[in-house]
Each structure stands twice: as structure tokens, then as C-alpha cells.
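Biologist: I am new to this structure. Please show me how to read its features.

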Amino acid sequence: HKEHKHVREELYSAIRKEVKTLAKIRHPSVLHILEPLTEDSHVIIFGSEPIEGSLKYFTDDTNKRNIIPSEIELKAQIYELVETISFLHNNAHIAHLAISPENVYLTSGGSFKIAGFFFSQPITSMDGTFSPNINFTPSSPNLSINPHLGFTAPEIVRDNLGSCASDAFSVGCFIFNLLQVANNNKNEYLFEVGDHCAKSAYLDELQKFKGDSHINKKLSGFTPGAKSLLSSLLVF
């Protein structure tokens, strides 16, 4: 089928970019490539360091959520995540643009490993901004390859404008989700959208965050430290 062939090539292209980017970055919290990519017309494979699964794999399943540590224990992983994003920006000069549970992996030792560089952009301009040109209104949404809208910064979706601050916002959404799972056993997103929501649904949800009342309500159940961190990351 012509449409499926196009999607397969889009997927292959994304995986090639992922492996190429991962192979360039040397950081203990970025997924390490052990075997180079090989492909033919039927399959594309590469080898990485051992992982247990993506965080989404664990947060989606109520029977597996007990692997997510408590908020106190998460502090080290959250600090490491923020430090890794800082490294990507300041040393590797890359904006990730897709930080979400499906792109952060968990090792058997409980460490986070960042991957999912399908939409990453080089930081080249003096002001650090760029146009990611991600198509959030594809003709076949179920077959499209997009960042998870529930973790994507408003300016990327609304204005096609990205920066390092876009990653900071995604990290805030990620931490919000992780703490909801850890503290309340609820797989709740900051934006109340599904895994495959339309751009229009995201923009409708975004309207709720005009002013401070909605974000304050969302953060009301968190500890003062978590609330302070999330408020600094989630800048609308």
C-alpha cells in the first residue's frame, strides 16, 4: 500500500536520525549504542545498552507502576534528567523536543536513559530559536510520527517556534506525570489530552491555562519543592 510505504520510509528515516544522534552523544544518561544500525527492505535494527523498558511502558500499566520510586527517591533521577538536558543544550548544542515517558528508558539499576531524538534540532542561532516544522495535522494521524502533544511546549504547536525553553517545558510536563504516578498512582498528564490527540484538541486544552488559576489548581497537591520546580519549568 502506497500510504504504508510512505509511513515506513518516514519511520526508517526517524530511526536513522535517532541512531546517528545517539552515537554522537557521549553522556551517561543518554542511551548508549552498542551495535550500529543495519537495514534492508524488510527490517531495520540496532543494538543499545540493556534497558527494562520505556517509562511509558511502566506508567501505563497499573500492575507495573510500583517500579516507579517515591517522590523522595525520584529527586536524584529528576536532577540527573535536568542536568542531561542542560548538557544537550550547552555541550552537544541540540534541543531534544520530544521529552516524554516513551522516550526516557529505565535500566535495571533504576537509572533514566534519554533517547527519542527523532525531532531534535541543532542549536545554531545566537538567540537559540528555530522552526522545527513538525506536522501536527497529518493526513493519517494513526500512522504519523509526532512528539506526544501532552508533553510538547505551546510555542512549538501554536507558532512553529522552538528553543531550549521548549525542552524545559517538556521536562516540566514529564515530571508532573511522573509525580502523579509516584504519589497518587494516577497516570495523569498536565494537559488532559490522549496519546493521539489532534492539534485542535491540544489548542483547546491550552486555553484553560490563560492566567494562573488553572496551573495553580494543577500543582496544588504537590510539595512546595516540587511546586517550585514545576513553576520554573512550566512557563506559558
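Biologist: Which residues of α3 are buried?

Modeller: Keep in mind that this model is predicted. Buried means under 20% relative accessible area. In α3, that holds for Glu71, Leu74, Gln77, Ile78, Leu81, Thr84, Ile85, Leu88 and His89.

Biologist: What covers the buried residues of α3?

Modeller: The cover includes two strands, β4 (94-95) and β6 (112-114). It also includes the helices α5 (164-184) and α8 (224-233).

Biologist: What span should helix α3 have, and how far apart are its end C-alpha atoms?

Modeller: Count 1.5 Å a residue.

Biologist: Now helix α6. Which of its residues are buried?

Modeller: Helix α6 covers residues 199-206, and its buried residues are Tyr202, Glu205 and Leu206. They sit on the same side of α6, because they cover an arc of only 105° around the axis.

Biologist: What do the buried residues of α6 pack against?

Modeller: Two helices: α4 (154-159) and α7 (213-218).

Biologist: How many cavities of 30 Å³ or more does the structure hold?

Modeller: The structure holds 1. The space in the largest cavity is about 30 Å³.

Biologist: Which residues line the largest cavity?

Modeller: Among them are Lys56, Asp60, Glu102 and Asp195. Others in the lining include Thr59, Pro101, His148, Phe151 and Tyr189. By type, the lining divides into 3 nonpolar, 4 polar and 4 charged residues.

Conventions: Residues are numbered from 1 along each chain as its sequence is written. This is a predicted model: local features need pLDDT of at least 70, side-chain atom pairs count only at pLDDT 80 or more; totals for chains, interfaces and linings use all residues. Side-chain values use heavy atoms; hydrogens and water are left out. Buried means under 20% relative accessible area, exposed over 50%, partly exposed in between (1.4 Å probe, protein chains only). Helices (H or I, at least four residues) and strands (E, at least two) are DSSP runs, numbered from the N terminus. The arc is that of the directions from the helix axis to the C-beta atoms. Contact means heavy atoms within 4.5 Å. The expected span of a helix is 1.5 Å times one less than its number of residues. On a 1 Å grid over the protein atoms alone, a cavity is a set of points where a 1.4 Å probe fits but cannot get out, and a pocket is an open set with protein on both sides within 12 Å along at least five of seven lines; lining residues have an atom within 4 Å of a point. Grid points are joined across faces, edges and corners, and a volume is the space filled by probe spheres set on the points. Ala, Val, Leu, Ile, Met, Phe, Trp, Tyr, Cys and Pro count as nonpolar, Asp, Glu, Lys and Arg as charged, and the others, Gly among them, as polar.
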